[in-house]
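Visitor: Please take me through one part of this model at close range. I want to see what surrounds it and which residues make the contacts.

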Amino acid sequence: MKLSLNFNSTVNAGLLQKVVDAAGENTSISIGNAQKVNIATLLDAIDAAGNSVNLSADFDGSELTANNLQQAMAAAGSSVAISLNTAQAVNISTLLDVIDEAGNTKRLSATFNGAQLTFDNLERAVKAAGSNVRIGVNTAQAVNITTLLSVLKEVGDSKHFFAIFNGAQLTSNNLQRAMSEAGENTSISVNTAQAVNISTLLSVIQEAGDDKQFSAEFNGAQLSSNNLQQAVAAAGAKVRISVNTAQAVNINTLVSVLQAAGNKKFFSADFNGAQSTANNLLQAVNNAGAKTAISVNSAQATNIAQLLDAIDAAGDSKMFSATFDGSQLTANNLQQAVSAAGANTTISVVSAESAPQSVLLQIIKSAG
């Protein structure tokens, strides 16, 4: 099994150090709002992770102070990933310095808000990016299409890039044009996919074919007609279709989609553990194919017997994940889930800094 621990910036320095020191190859650790973490604490964690512990630190580009981001990037080993959101707010010289430090060996990602781009900062970041650097833009529908196409052309097939569109705010044929220009290492995605005209969505999926990376996320509470089914049926080898709020989808509809995905297509369904009813989660796992991932958030609110049934059904062959909120844990449900988890199951804890230290160290040991 895999274990993922997600800490907020309020994490105690001693706890963070103990967790990193204890982590094995099956545990990954992430730190949110890393710009708020004492730099000495952060550097100690990065140093302890070295080249063996999976550690990631996410910085908010609009709140950077001093040279904390640069120091973190300089200290990062091969197993440490540094990410930057709101990258458009970062001084371009600072950003280019960090990209240069990453070079072709260190892991860095920087995400720009497409509605807030200034000058040619996105283009400059892409040009400077090394082979392990991912540059991306959310709210991509707000980017001038000429600018976006120019960036995609610069990316080509050699650099890693992603663009995320809001399906409820598409204009003209920008999504189609972006998909057409995308190289083999570019990922184009659309959220709120249920709001996209189905003809438009199918044309983009067709353009992606079996060679290009495309993903579409539907809101299960807002599905209409059989758009989700059509998208799955049309999906090529590198297309990923997903549905959130899966507990709101008619179970017969969901099962038919899972069966259509089979063992050849990428599909994922995310349930809210506080709102799941009956045995829908279990039915989803039972019908999941080799490339389907079933997940449940707010797992601490899920009936533990039902959760363990789903984990048992996943076994060692199916992809399943359960996310617990560390500030809302009760009894020993988290430990039971970790103990029951199979080879392809991931147990995640958000707000892990709120979980008891003894519990965290215990589940890290169980994960191995």
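Guide: Start with strand β2, residues 27-31. Of its 5 residues, 4 are buried, so β2 is largely enclosed by the rest of the structure. Buried means under 20% relative accessible area, exposed means over 50%, and partly exposed lies in between (1.4 Å probe, protein chains only). Helices (H or I, at least four residues) and strands (E, at least two) are DSSP runs, numbered from the N terminus.

A word on the source. This is a predicted model, where local features need pLDDT of at least 70 and side-chain atom pairs count only at pLDDT 80 or more, while totals for chains, interfaces and linings use all residues. Residues are numbered from 1 along each chain as its sequence is written, and side-chain values use heavy atoms, with hydrogens and water left out.

Back to β2. Its partner is strand β1, residues 2-7; the two run parallel and are joined by 5 bridges. Two strands pair if DSSP finds at least two bridges between them. Look for Asn6, which stands opposite Ser30 of β2.

Now find helix α14, residues 357-367. Its buried residues are Val359, Leu360, Ile363, Ile364 and Ala367. Down the axis of α14 they fall within an arc of 135°, so they line one face of the helix. The arc is that of the directions from the helix axis to the C-beta atoms. An α-helix has 3.6 residues a turn, so residues three or four places apart point the same way. Ser358 and Lys365 sit on the other side of α14 and are exposed. The cover over the buried residues of α14 includes β1, α1 and β2, along with α13 (333-340) and β14 (345-350). Contact here means heavy atoms within 4.5 Å. After α14 comes Gly368, with a positive phi near 75°.

Helix α1, residues 13-22, is part of that cover. Follow α1 across to helix α2, residues 39-49: their axes come within 9 Å and cross at roughly 10°. That makes α1 roughly parallel to α2. Axes are lines fitted to C-alpha atoms, for helices over the stretch in contact, with angles from 0 to 180 degrees between N-to-C directions. Under 35 degrees counts as roughly parallel, over 145 as roughly antiparallel, 65 to 115 as roughly perpendicular, and the rest as oblique. From α1, the contact uses Ala13, Leu16, Gln17, Val20 and Asp21; from α2, Thr41, Asp44, Ala45, Ala48 and Ala49. By class, that is 6 nonpolar, 2 polar and 2 charged residues. Ala, Val, Leu, Ile, Met, Phe, Trp, Tyr, Cys and Pro count as nonpolar, Asp, Glu, Lys and Arg as charged, and the others, Gly among them, as polar.

Next, Asn68. It belongs to helix α3. At a relative accessible area of 11%, Asn68 is buried. Beyond its neighbours within four places in sequence, Asn68 is in contact with Gln35, Val37, Ile39 and Phe59.

Finish at Ala66, in the loop between β3 (54-60) and α3 (68-75). Ala66 is exposed, at 72% relative accessibility. Its phi is positive, about 50°, although Ala66 is not a glycine.
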